[in-house]
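Subject: Structure handover

Hello,

Here is the structure I said I would pass on. My notes on what was found in it follow below.

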Amino acid sequence: MDSKSSPVEMFFFPFVGGGHQLPLIDMARMFAAHGANSTIITTPKHALSFQNSILRDQQSGRTISIHTLQLPEGVDIADTNMSAQIMTDTSILQEPLRNLLLQARPDCIIHDFAHRWAADAIDSLGIGIPRIIFSGSGCFAHCVQQNMFKFKPYEKVDSDYEPFVVPDLPDRIELTRSQLPMFVINGGGPKRKNLFNDGNFGSVVNSFYELESAYVEYMKELGDKAWLVGPVSLCNRDVADKAERGQKGSIDEQSILNWLNSKEPHSVLYISFGSAARLPPEQLLEIAYGLEASGHTFIWVVGKSFKSEGENEENWLPSGFEERIEESKKGIIIRGWAPQLLILEHGAVGGFLTHCGWNSTLEGVSAGVPMITWPLSAEQFSNEKLIVNLLKIGVKVGSMQWGQSWGTTPGEAVGREKVEAAVRRLMDEGDEAAEMRRKAKELAEKAKQAVEHGGSSYKNAEALIQELKTRRRPETSTQ
Ligand code: UDP
């Protein structure tokens with residue numbers, strides 16, 4: 001077969017668990033739908049959480065497979081309960097990955113930046129496999145971060161709560177020092193400062209042009225080559241894929257759908273802080289009081305809270321709260337994992353209280369649901385600016401403190417009055433909320449068009465495949 005016409009061999013090396021793993025698996029599935037031969041590289045334990053959807057893809061004729069890296073007996077990375085943190089050391093995978101690449105020589109490898117050793121390991125093989133980076137965030141947040149490193153505007157303010165403008169961006173974006181991670185304030189930053197431009201072949205971004213076009217263009221000016229191919233979660237089309245994405249939900253999907261079916265359109269607020277964040281009990285208590293005072297119906301996904309020894313885990317709930325919401329059918333609390341895509345796409349859901357993780361942000365956008373923004377860490381304070389100030393599809397709860405979710409720097413809890421006010425502002429259906437809902441629906445249409453045949457993300461995926469084919473030398477043909 002001609003080397004330019006045989007399918008491209010694309011390897012995907014997602015991070016192990018957490019919010020980073022999901023989009024790269026979706027992306028591998030999406031590229032397989034474009035005709036690429038996609039291989040997902042992971043560990044035996046982590047493969048368990050997504051092997052069913054890959055099997056379904058194979059049964060429908062897609063060329064996608066999982067390659068598990070062989071590790072010493074009994075060894076794996078962290079727990080597989082989606083809790084591997086971004087700083088988890090995965091370098092035990094280095095040798096098996098190198099061996100695989102030497103043998104398979106794919107047309108490219110797309111790897112999560114959180115495998116911090118991977119870029120050097122792949123480059124040092126010296127066999128010219130194009131390395132494409134996946135950072136997990138969007139273009140806007142990337143540009144904010146780059147200019148933060150470049151201009152250090154946070155050094156020019158006197159207090160942690162005095163706003164500063166991030167210089168030289170297409171829009172006026174203000175942040176405060178309290179909303180930045182300590183490593184930025186202390187002048188640190190990643191070893192490879194600009195992840196998108198560190199000698200790699202380019203980057204793939206889970207986003208779409210119409211969402212943040214000014215920042216896509218700005219990135220081009222910075223010299224960062226990126227293919228925006230999202231929202232990749234839209235590749236989950238069947239109920240089974242949505243219900244099992246990440247892991248099987250802690251609540252049966254049919255019972256949650258039945259509950260939602262009994263609710264009025266746009267009447268339910270969905271609340272989730274992502275795959276990893278754990279809020280302190282004092283904060284959960286304020287949320288519970290605020291929700292109850294708002295009178296609105298909700299689905300609230302809570303993980304296990306931080307608790308002192310001997311303390312009852314449920315202590316954070318106001319007395320009788322759960323009985324009251326069950327009796328009045330006002331709310332559901334999910335302890336553990338929720339089938340987020342199924343819930344967000346249900347017509348009864350009218351708002352999403354989110355920590356502004358990039359996946360959740362895009363999933364809210366794709367579902368056309370306006371948001372209440374409650375950033376906690378990572379680049380979430382930047383994502384809040386995009387949602388509230390630029391896209392105008394959300395209201396802020398008023399979170400000011402980076403790192404609240406890790407239990408190490410609890411900061412001041414956001415009070416119940418603020419929670420109630422934000423919920424009412426979005427869910428009482430005033431003119432402002434109606435306008436946000438209209439805009440959110442419009443964006444959702446654009447998101448869907450972007451991944452459909454001829455859409456911007458569809459074309460970008462095709463362009464990357466073509467570029468990989470074009471750079472093949474005739475002698476690298478495997479046929
Ligand atoms: N997620 C889910 N169910 C949950 C919690 C999270 O399906 O109960 C998914 C969610 O749909 C999203 C991802 O986990 O795709 C979380 O990623 P995000 O970037 O929003 O936040 P992170 O977990 O990285 O903080």
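The shell around the ligand is made up of six nonpolar, 10 polar and two charged residues. Please keep in mind that this is a predicted model. In total, 18 residues surround the ligand, and the closest are Gly19, Gly274, Ser275, Gly357 and Ser360. Two elements, α1 and α14 (358-367), each give two or more residues to this shell. The most comes from α14, with four residues.

Domain 1 (9-139 + 188-234 + 451-476) and domain 2 (249-445) each supply at least three residues to the shell around the ligand.

The other item is helix α3, which covers residues 51-59. Its buried residues are Ser53, Ile54 and Asp57. Seen down the axis of α3, these buried residues fall within an arc of 100°, so they line one face of the helix. The face turned away from that buried side carries Leu55 and Gln59, which are exposed.

What lies over the buried residues of α3? The cover includes α1 (18-33), β3 (64-68) and α9 (239-244).

Just after α3, Gly61 takes a positive phi of about 95°.

Regards

Technical notes
Residues numbered from 1 in each chain as written. Predicted model: local features only at pLDDT ≥ 70, side-chain atom pairs only at ≥ 80, totals over all residues. Buried ≥ 20, exposed ≤ 12 C-beta atoms within 10 Å, placed from the backbone. Arc of directions from axis to C-beta. Contact = placed C-beta atoms within 7 Å. Near = placed C-beta within 6 Å. Nonpolar A, V, L, I, M, F, W, Y, C, P; charged D, E, K, R; others polar. Domains from an automatic or database assignment.
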